[in-house]
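Subject: Structure handover

Hello,

Here is the structure I said I would pass on. My notes on it follow below.

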Amino acid sequence: MKSHFQFSNNERNGIFLLLTLIFVLQGVFWYANGTKKPLDINNDTLDSYRNELDSLRQAKEETAKPKLFPFNPNFISDYKGYTLGMTAQEIDRLQKFRDKGQWINSVKQFQDVTKVSDSLLNVISPYFKFPEWVTNPKPRPSYANQSFQDKFEPKPYEQKIDLNKATASQLQTVYGVGEKLSQRIVNYRNKFEGGFYSDVELSEIYGLMPEVIDRIKAQFTVKTPRVITKFNLNTATRDELVTIPYVDYEIANNIIEERTLRDGFRDFEELTKVEHFPLKKIEIIKLYLHL
């Protein structure tokens with residue numbers, strides 16, 4: 001241990017000089033720290049900076065929110081309803097209503113069907129976009145002052161106009177059929193060579209309500225149906241069945257399986273027992289089948 005504390009004169013002088021420098025620097029630090037003036041903080045300036053930061057943060061949050069665009073509430077999907085803030089029960093009520101083939105045509109009807117709260121309705125209803133024939137219905141024609149029953153009493157077959165030859169102007173004489181609906185009827189007719197096959201196909205045209213279809217059928221009917229290929233329901237193959245509208249390979253396979261279990265169909269109503277069969281389109285599908 002003794003060897004560790006034996007220094008030469010030069011070493012002792014170096015140690016004393018080092019200690020002196022340490023004490024001098026420490027004293028300078030204490031003096032400078034003691035005489036340092038406190039910062040002069042301007043509270044107004046600080047508040048303005050805070051407000052600016054808050055506004056920037058709020059603007060960023062607003063831009064991060066999903067944007068809403070006009071939409072038809074009749075076509076709200078599960079995901080769309082979730083993003084709008086609807087509950088699962090409210091979405092289910094809407095879909096059950098639509099599954100019946102019914103349409104929502106006003107904000108009030110939307111709330112009556114879905115039971116959404118007033119607060120949510122006030123947020124999303126400004127973005128509802130209904131078809132023009134709902135928001136701007138065609139004014140009643142000049143014959144509106146006549147008895148509705150007399151005007152639209154079903155005509156005999158001989159007096160009815162052929163639906164495959166009727167013009168858009170003739171179709172517009174039916175109350176509830178405007179320029180757009182009459183053009184849709186003509187466009188649908190032109191999709192097929194020969195036009196309509198049956199009056200039932202009017203149900204395929206978007207926007208035609210059942211009561212309007214009844215008015216059309218009171219004055220028009222298909223007198224020159226197009227030629228279609230019909231298949232025997234009890235002998236048709238899968239490849240033949242899938243050529244029928246609304247019948248895909250899965251439904252075709254299910255029809256054949258049900259036919260095998262029943263040892264053949266006896267009437268078309270038995271098709272309703274086929275798994276995943278599109279019940280709403282059975283009248284259209286029946287046009288392409290026979291027993």
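Lys115 counts as exposed, at 54% relative accessibility. Throughout, buried stands for under 20% relative accessible area, exposed for over 50%, and partly exposed for what lies in between, with a 1.4 Å probe and protein chains only. Lys115 sits in the loop between α5 and α6 (118–124). Its phi is positive, about 65 degrees, although Lys115 is not a glycine.

Before the rest, some housekeeping. This is a predicted model, where local features need pLDDT of at least 70 and side-chain atom pairs count only at pLDDT 80 or more, while totals for chains, interfaces and linings use all residues. Residues are numbered from 1 along each chain as its sequence is written, and side-chain values use heavy atoms, with hydrogens and water left out.

Overall picture

The protein has 14 helices and 4 strands. Helices (H or I, at least four residues) and strands (E, at least two) are DSSP runs, numbered from the N terminus. Of its 291 residues, 31% count as buried. Contact here means heavy atoms within 4.5 Å. Taking contacts between residues at least 6 apart in sequence, 58% join residues at least 24 apart.

Helices α4 and α5

The axes of α4 (residues 88–99) and α5 (residues 107–114) come within 8 Å and cross at roughly 110 degrees. That makes α4 roughly perpendicular to α5. Axes are lines fitted to C-alpha atoms, for helices over the stretch in contact, and angles run from 0 to 180 degrees between N-to-C directions. Angles under 35 degrees count as roughly parallel, over 145 as roughly antiparallel, 65 to 115 as roughly perpendicular and the rest as oblique. On the α4 side, Glu90, Arg93, Leu94 and Phe97 make the contact, and on the α5 side Gln109, Phe110, Val113 and Thr114 do. By type, these residues divide into 4 nonpolar, 2 polar and 2 charged. (Ala, Val, Leu, Ile, Met, Phe, Trp, Tyr, Cys and Pro count as nonpolar, Asp, Glu, Lys and Arg as charged, and the others, Gly among them, as polar.)

Helix α10 has 12 residues (179–190), which at 1.5 Å a residue should span 16 Å; its end C-alpha atoms are 16 Å apart, in agreement. The expected span is 1.5 Å times one less than the number of residues. Its buried residues are Leu181, Ser182, Ile185, Val186, Tyr188 and Arg189. Seen down the axis of α10, these fall within an arc of 160 degrees, so they line one face of the helix. The arc is that of the directions from the helix axis to the C-beta atoms. Glu179 and Asn190 are exposed on the other side of α10. Among what covers the buried residues are α9 (168–171) and α11 (210–219).

Phe192 is in the loop between α10 and α11. Phe192 is partly exposed, with a relative accessible area of 26%. Leaving aside neighbours within four places in sequence, Phe192 is in contact with Glu201 and Arg226. Arg226 is 34 residues from Phe192 in sequence, and the two are 7.9 Å apart, C-alpha to C-alpha.

Helix α13 and the loops on either side

Tyr246 and Val247 both lie in the loop between α12 and α13. Tyr246 is partly exposed at 38% relative accessibility, and its phi is near 75 degrees, a positive value in a residue other than glycine. Val247 is buried at 7% relative accessibility. The C-alpha atoms of Val247 and Phe277 are separated by 8.2 Å, with the two 30 residues apart along the chain.

For α13 itself, the 14 residues (249–262) should span 20 Å at 1.5 Å a residue, which agrees with end C-alpha atoms 20 Å apart. Ile251, Ala252, Asn254, Ile255, Glu258 and Arg259 are its buried residues. They cover an arc of only 160 degrees around the axis, which puts them on the same side of α13. The face turned away from that buried side carries the exposed residues Glu257, Thr260 and Leu261. What covers the buried residues of α13 includes α12 (238–241).

Glu270 lies in the loop between α13 and α14 (282–286). Glu270 is buried, with a relative accessible area of 13%. Residues up to four places away in sequence aside, Glu270 touches Arg262, Gly264 and Phe265.

Regards
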